[in-house]
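Morning, everyone. I'll take one chain on its own, and then the place where two chains meet. Here is the structure.

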Amino acid sequence: MRVVIAEDLFLLRDGLTRMLQAHGLQIAAAVDNGADLLAAVTADQPDVAIVDVRLPPTFTDEGIRAALAARREVPGLPVLVLSQYVEQLYARELLASGSGGIGYLLKDRVFDSGQFVDAVRRVAAGGTAMDPEVIARLLARNTGDGTLAALSPREREVLALMAEGRSNAAIAQRLVITERAVAKHTASIFLKLDLQPSDDDNRRVLAVLAYLGG
Amino acid sequence: MAVLTSPRRTNPRFGPQAGLVAATRGVAFAALMAAGMGLLTLIVAAVLLIALGAGILFVGSGGPHEERVLLAFLAIGTGLSLIRFALPATLLGTRRLARLTRQLTGDWCGVPIAEWYAPPPAGKLTYTERLRWLATDPATRRDLRWTAANLLACALAAAPAAIIATGLIEFIGPEFTRLIPPPAFPGNTPRTLVVLGLAITSVGVLAAPALLRAYGLVARSILAPGGEAELELRVQQLTETRTEALDTGAAEIRRIERDLHDGAQARLVAMGMTLDAAGQIIDSNPDAARALVLEARDASVKALAELRALVRGIHPPVLADRGLADAIRALALDASARISLASDLNGRPPAPVESAAYFAVCELLANVSKHAEARQTWVDIRHTDGMLRVGVTDNGHGGAEPARGTGLRGIERRLAAFDGVLAISSPPGGPTAVTMEIPCALSSPKTSSC
């Protein structure tokens, strides 16, 4: 799997490169600004781009804009955006940029390299990887106005993991239950929230996110 | 309202159309003058009533004594209550008219006039406090002086319309209707009358822009702020707000220092010690060392989370990235309450103003969720006439009192550093509407939005 990295801090760029290589991923290019990212994704045709939100020259939301531009340039290009902080506002914009192949994670998540590489692979395969903090805030908001009152605590846990973009197998492993139990929970959640069930993992994630996002 | 504004300048151009426009505007100024006179008449009427009462009481004669006393007290009583009502109404009314005049002379005569009023004392004002605030403001005396002087000055503004009307009605009018007798002077043939009428009308039209400008200049000579009393007041106010701004800034820095010291710094020290311990036992007990390393990793995650929260409190990243509207939109997305946002900003206010407005809105929204029990909150951001206006309205149960909580007072104090003001309307039963106004200019329109 070939990866392009856009990160302006040398230490983090280098660390990411080595970590991904250690997990058997191939680094097609590692750049430090948005313009080079656009050039790299068109020239190298990577399987996934990993982009930091803050990039020169303005160090504001360049990375988000570069990611959106890259997806316009190369439609369907999977992009994983990393940030020192997460905002629902940006999550929405990224999710709206096409169906699937989107990740939005806190930089801290690289501390758990196994989970992180898992997220990279998921995004590269057209899936979704939303940061647990984004999901937690979405859930808190929906719990506040009573939307999720019908769900049991266990179902809420499953819903949160599902919204992050995890597959049934991953959810089962995380909650230490069987995959069949997860399937039962998800069916119940979709029924209670009146959502159209879907076998396609990614469609399921997007439906849940759209539901929570209002 | 403590606001120094300099309205934009539009110079009148010459030509028949400009002349007619100027003449019409002159009439509008005359109407303002008449309104001002009406307000003054209230006071004059009250004083006359009191004088009348006194006259009846002391020098009057005829009629039974009791009746005279009753009549006198009736007159004096009516006069006094009229004064009680009319005094603040007149003062505020003349102020409103003077402010309108300042704005219009800028827009119409090309003579912008700066304005400065002493800010009202904080909190809800009693009748006397309100009167004292109005009476001690030198601007009030200036506005009253203008209302009186306007009676004469207005001749300048109204003259063109009068001249044009004379030309049209007195000279050309008789040509068309018998109702108007032609002016009597030797050689008044219909033809000369029309020629004269046209000449007079053109003089009025051509002179109108210049006369309107002259009126503006006279208005400026009286209405423009100046004088030591005012400067002193302004200096005093600036000193107060500056001290408060510095105090707030210093307190913020102390808080940040304490947060860093107790939070992230302490965690980094603990991490260093944990990693050191792991290094010591890594050969003898690899499993325990691994556990320590994982512990250090978790500590670093916590340190990062704390730093993130701290940064949000200092300057929220979305505010830095996208400006006020998107920062509040992000806030609304995180809130469990229903918040709808309407924004009409074509550019960004200066960073300190933006930040002050953002944190004020944060605090107001927090107030709403804590106290108001509102189902819906509306935030409205716009920039008009050199003012950033932010309104926060909720449909909760109302009854918010700036005097009760320190929150609203705090916002008011922080806005004061930017000459900003805060107005609250919160009747029991709701709704509560808080409006903030901060004078500022917007920087160039945003170049990106995605």
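Let's start with chain B. It has 11 helices and five strands. Keep in mind that this is a predicted model.

How much of chain B is buried? Of its 450 residues, 36% are. The accessible surface of chain B is about 24500 Å². Carbon and sulfur atoms hold 64% of that surface.

Now contacts within chain B. Take those with a separation of 6 or more: 73% of them join residues 24 or more positions apart.

On to the interface. Here 25 residues of chain A are in contact with 22 residues of chain B. Together the two chains bury about 2200 Å². Carbon and sulfur atoms account for 50% of that buried area.

Which residues of chain A lose the most area to chain B? They are L89(A), F111(A) and R141(A). Together these three make up 27% of what the chain A side buries.

Look at R322(B): it forms a salt bridge with D61(A). The closest N and O atoms of that pair are 2.3 Å apart.

Which elements of chain A give two or more residues to the side touching chain B? Those are α3 (62-73), α4 (88-95) and α6 (132-144). By class, that side of chain A has 12 charged, nine nonpolar and four polar residues.

Conventions
Residues are numbered from 1 along each chain as its sequence is written. Chains are lettered from A and ligands numbered from 1 in the order in which they are written. This is a predicted model: local features need pLDDT of at least 70, side-chain atom pairs count only at pLDDT 80 or more; totals for chains, interfaces and linings use all residues. Side-chain values use heavy atoms; hydrogens and water are left out. Helices (H or I, at least four residues) and strands (E, at least two) are DSSP runs, numbered from the N terminus. Buried means under 20% relative accessible area, exposed over 50%, partly exposed in between (1.4 Å probe, protein chains only). Contact means heavy atoms within 4.5 Å. Accessible areas come from the Shrake-Rupley method with a 1.4 Å probe; for residues, only the protein chains shown count as cover. Buried area is the accessible area (1.4 Å probe) that two parts lose on being put together, summed over both. A salt bridge is a side-chain nitrogen of Lys or Arg within 4 Å of a carboxyl oxygen of Asp or Glu. Ala, Val, Leu, Ile, Met, Phe, Trp, Tyr, Cys and Pro count as nonpolar, Asp, Glu, Lys and Arg as charged, and the others, Gly among them, as polar.
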